[in-house]
Amino acid sequence: MPLSISTPLTSAPRPNPGSTFSYGRALQASTLSAWAGKPGDLQAAQVAFSERAKINGLASTGSYIQSGQKDKAASQSLFTASYVY
């Protein structure tokens with residue numbers, strides 16, 4: 001659809017961003033929580049990353065259905081007071 005001065009921005013086609021900051025934070029939090037800096041937990045971190053990536057992918061398309069299970073990181077808030085982006 002060609003855009004003109006009279007075309008509202010909300011009707012303009014938008015590209016799928018693929019991933020967002022929030023999805024990235026979720027990937028990091030789950031992975032770092034599982035790994036905790038311990039070399040022996042590397043495989044657990046890889047599994048956590050893969051699972052969170054799958055969940056994020058489903059969520060980005062509106063296909064995610066909660067299982068009722070949460071990992072440690074999913075139960076914690078990622079809010080950081082006074083954080084500047």
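## Ala 53 in helix H2

Ala 53 is found in helix H2, a helix here being a DSSP run of H or I with at least four residues, numbered from the N terminus. In this predicted model, local features need pLDDT of at least 70 and side-chain atom pairs count only at pLDDT 80 or more, whereas totals for chains, interfaces and linings use all residues. Residues are numbered from 1 along each chain as its sequence is written, and side-chain values use heavy atoms, with hydrogens and water left out.

At 31% relative accessibility, Ala 53 counts as partly exposed (buried is under 20% relative accessible area, exposed over 50%, partly exposed in between, with a 1.4 Å probe and protein chains only). Between Ala 53 and Tyr 23 there are 8.4 Å in space, C-alpha to C-alpha, although the two residues stand 30 apart in sequence.

## The loop at Ala 36

Helix H1 (21–35) and helix H2 (42–60) are separated by a loop that holds Ala 36. The phi angle of Ala 36 is near 55 degrees, which is a positive value in a residue other than glycine. With a relative accessible area of 47%, Ala 36 is partly exposed.

Leu 42 belongs to helix H2 and is partly exposed, its relative accessible area being 46%.

How values were computed
Helix = DSSP H or I, 4+ residues; strand = E, 2+ residues; numbered from the N terminus.
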